[in-house]
Amino acid sequence: MIDCAGDEGMKDMDNMISKKWKSSMMIVVLAKLGLDHPNPEYLPFIKKLLTIEESIGMIGGKPGLAYYIVGYTQDKLIYLDPHYV
């Protein structure tokens, strides 16, 4: 388990990213990032996850409202609404 709070969590993330995997793996991260919008404290962790070369993005939202987060620019997340294709 990686605690995303603080520098220690970021070091754990760096260690996980730097390993070479011998087989396929999908890592699912379950987290509540905020009530109405993501807590700004989690942005560095989210950005770090999205920089992983193998990342397929993340999905989040609440009932009746969902977003597929595919990347970021500066401090803004880039997302798609999966309800509109």
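View 1. Tyr79 is partly exposed, with a relative accessible area of 47%, where partly exposed lies between buried, under 20% relative accessible area, and exposed, over 50% (1.4 Å probe, protein chains only). The model is predicted, so that local features need pLDDT of at least 70 and side-chain atom pairs count only at pLDDT 80 or more, whereas totals for chains, interfaces and linings use all residues. Residues are numbered from 1 along each chain as its sequence is written, and side-chain values use heavy atoms, with hydrogens and water left out. The count of aromatic pairs comes to one, under a rule by which rings of Phe, Tyr and Trp (its six-membered ring) pair if their centres lie within 6.5 Å, with planes under 30 degrees apart taken as stacked, over 60 as edge-to-face and the rest as tilted. The ring centres of Tyr67 and Tyr79 are 4.4 Å apart and their planes stand at 70°, so the pair is edge-to-face. This pair links distant parts of the chain, with Tyr67 in strand β2 and Tyr79 in strand β3, 12 residues apart; Tyr67 is partly exposed, at a relative accessible area of 27%.

View 2. Ala66 is found in strand β2, strands being DSSP runs of E with at least two residues and helices being runs of H or I with at least four, both numbered from the N terminus. With a relative accessible area of 18%, Ala66 is buried. Leaving aside neighbours within four places in sequence, Ala66 is in contact with Gly60, Gly61, Leu80, Asp81, Pro82 and His83, where contact means heavy atoms within 4.5 Å. Between Ala66 and Tyr79 the C-alpha to C-alpha distance is 9.7 Å, at a sequence separation of 13 residues.

View 3. The side chains of Asp75 and Lys47 meet in a salt bridge (3.4 Å, N to O), the term denoting a side-chain nitrogen of Lys or Arg within 4 Å of a carboxyl oxygen of Asp or Glu. Asp75 lies in the loop between β2 (65–73) and β3 (76–80) and Lys47 in helix α2, so the pair ties together parts that are 28 residues apart in sequence. Asp75 is exposed, with a relative accessible area of 58%. Gln74 lies in the loop between β2 and β3 as well, and has a phi near 50°, a positive value in a residue other than glycine; at 68% relative accessibility, Gln74 counts as exposed.

**View 4. The largest nonpolar core.** Seven residues, namely Phe45, Ile46, Leu49, Leu50, Ile52, Met58 and Ile69, make up the largest nonpolar core, such a core being a set of buried Ala, Val, Leu, Ile, Met, Phe, Trp, Tyr and Cys residues joined through side-chain atoms within 4.5 Å. Helix α2 gives the most to this core, with four residues. Of the 85 residues of the chain, 15% count as buried.

**View 5. A nonpolar surface patch that includes Met26.** Met26, Val28, Leu30 and Ile56 make a nonpolar surface patch of about 510 Å²; patches are made of residues with over 30% relative accessible area and no salt bridge, like charges being joined within 9 Å and nonpolar side chains (Val, Leu, Ile, Met, Phe, Trp, Tyr) within 5 Å. Met26 lies in the loop between α1 (6–18) and α2 (43–51), and is exposed, with a relative accessible area of 64%.

Note on methods:
Accessible areas come from the Shrake-Rupley method with a 1.4 Å probe; for residues, only the protein chains shown count as cover.
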